[in-house]
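Dear colleague,

Please find below the structure that I am handing over to you. My findings follow directly after it.

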Amino acid sequence: MAEMSKAPGQSALPEGGGIPWTALCQESLERLYESVPGWEDLNGKTLLLTGASGMIGSFLTDALMLRNQSLPPAARTRILAVGRGEAAARRRFWTWWDEESFRFLPHDAAQPFPDLPWEPDLLIHAASTTHPADYAARPIETVLTNLLGTRNLLDLAVRKPGCRLLLLSSVEIYGENRGDTDRFAEDYCGYLDCNALRAGYPEGKRASEALCQAYIAERGADAVILRLPRCYGPTMRMEDTKASSQFLKKALRGEDIVLKSEGRQFYSYAYVCDAVQGLLRVLLAGETGEAYNLGDPASDITLRELAELCASLAGRQVRYELPDEAERRGYSTATKALLDGTKLKERLGWRPRYTIREGIGETVEILRRLYGAEGTGKGGGAAW
C-alpha cells in the first residue's frame with residue numbers, strides 16, 4: 001500500500017485545539033491496512049456510517065480517509081458520517097472536514113433520514129448507547145437508537161440494488177451463560193430479564209438482529225451482523241463509563257483503580273483496531289443474513305486481572321468499593337461472557353493483531369501522548 005502518513009492538516013492543530021489521531025494511531029492503522037484483504041472493493045463506494053464519532057466509527061473513518069490520500073479522487077471512498085453532535089464531530093474530524101470525500105450529516109439515527117447528498121452503497125449502524133450509566137439514565141433512547149436506527153438504515157438498504165447494511169451487535173444479546181458452555185457460539189441463547197432497566201440494550205440489539213432477518217426475507221435486503229465483545233482503545237470517549245474505560249482513565253491520571261466488585265467477571269475484549277478489521281471483513285465478505293462473533297482467547301480476561309493490568313501501567317494498585325444504586329442498575333449481571341470467534345476466523349480469515357496486554361499498553365501510550373500527564377488536556381485533546 002502507498003505511503004499514508006501525510007494527511008492534510010496533520011502537521012498542526014486547528015485554532016482552538018484538535019485531535020491528531022491519525023498521527024498518534026499510525027502503527028495501529030498500518031496494521032489494519034495489512035490485515036484486511038479487498039480494500040479495492042471500497043474504491044469509488046459511498047459509505048454511510050452512524051455513530052461516526054464513537055470509538056469504532058471514528059477509528060474506521062480515520063482509516064478510510066487516510067487511505068483516500070493515496071488514491072486518485074475517483075477511487076476514493078466517500079464517507080457520510082452521521083451523528084447528533086456537529087460541534088464535537090467538527091473537533092474530532094477537523095483533519096477531514098473540508099475533504100471532498102467526507103461529509104458530516106447531523107442527524108439522529110432513530111429518525112427517518114432526510115435527502116442525502118450521496119446515495120450510499122454501504123451502510124454501517126454503529127450508533128448505540130454503550131455506557132452503563134446511560135442504560136439507566138436514558139433507557140428509552142437506548143432501545144430506540146438501536147431498533148429504529150436499524151429500521152431506517154434497512155429502508156435505505158432496500159432502496160438501492162446492491163446496497164449492503166452491516167449491523168454492529170453485541171455479546172450482550174447472549175444474556176446469561178446457562179452454565180452449559182464455556183464460549184458463546186452464534187446459535188447460543190441465554191437468559192435475559194426483559195423487565196430489568198438495562199435490558200433495553202441487549203433486547204434492542206436482539207430485536208435489531210431480528211428486524212434484519214425480517215427485511216431480508218420480506219424485502220430482499222442485504223444485511224450482515226457482527227457481534228462485538230467489550231471494546232476498548234484510544235478512540236474511546238472520555239465520558240465513557242464502561243469498566244475498561246474507567247480503569248484506563250485512572251491509570252492515565254496516576255490514580256488507584258476502584259473495582260466495584262470482586263472482579264471475578266470473565267469477559268472477552270477487543271482492541272478497536274481488531275474490531276474494525278473484523279467489521280471490514282464482514283462488510284466486504286460476510287454472507288447475507290449471517291451473524292459473526294468477534295472474539296479471541298488472547299483477549300479474554302477477568303475484570304480483576306484487567307484492573308490490575310491497568311494499575312500496573314500507572315504504578316498504582318486496585319481498591320474495592322461497592323457500587324451505589326444508580327451504578328448497579330447499569331451494570332451487566334453476566335459473570336462469564338466469552339465469545340467463540342471460530343466462524344469469523346475460519347470463514348472470513350479474521351485474525352487479531354493484539355492481545356489484551358498489547359492493546360491496553362498501546363492504548364495507554366497513545367492517550368498519554370494525546371492528553372499529556374494526568375489527563376490535563378495537553379497535546380491538543382480535551383481535558384477530562
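Strands β5 and β6 (residues 222-228) run parallel and are joined by seven bridges; two strands are taken to pair if DSSP finds at least two bridges between them. R164 has D222 as its bridge partner in β6. From β5 the chain passes through helix α7 (residues 200-219) to β6, in a right-handed β-α-β crossover. Right-handed here means that, with the strands pointing away from the viewer, the path from the first strand over the helix to the second runs clockwise. Helices (H or I, at least four residues) and strands (E, at least two) are DSSP runs, numbered from the N terminus.

Please note that this is a predicted model, in which local features need pLDDT of at least 70 and side-chain atom pairs count only at pLDDT 80 or more, while totals for chains, interfaces and linings use all residues. Residues are numbered from 1 along each chain as its sequence is written, and side-chain values use heavy atoms, with hydrogens and water left out.

Strand β5 also pairs with strand β4 (residues 122-125), in the parallel sense and over four bridges. The bridge partner of I124 in β5 is L166. Seven of the seven residues of β5 (residues 164-170) are buried, so this strand is largely enclosed by the rest of the structure. Buried means under 20% relative accessible area, exposed over 50%, and partly exposed in between (1.4 Å probe, protein chains only). In a regular strand the side chains alternate between the two faces of the sheet. In β5, R164, L166, L168 and S170 point one way, L165, L167 and S169 point the other way, and all are buried.

Elsewhere, helix α2 (residues 26-35) packs against helix α3 (residues 55-68) at an angle of about 75°, with the axes 11 Å apart. Axes are lines fitted to C-alpha atoms, for helices over the stretch in contact, and angles run from 0 to 180 degrees between N-to-C directions. The two helices α2 and α3 are therefore roughly perpendicular to each other (65 to 115 degrees; under 35 is roughly parallel, over 145 roughly antiparallel, the rest oblique). Q26, S28, L29, L32 and Y33 of α2 meet F59, D62, A63, L66 and R67 of α3, contact meaning heavy atoms within 4.5 Å.

Finally, S244 lies in helix α8 (residues 243-253) and counts as buried at 4% relative accessibility. Leaving aside residues up to four places away in sequence, S244 touches C231, Y232, Y269 and L306.

Yours sincerely
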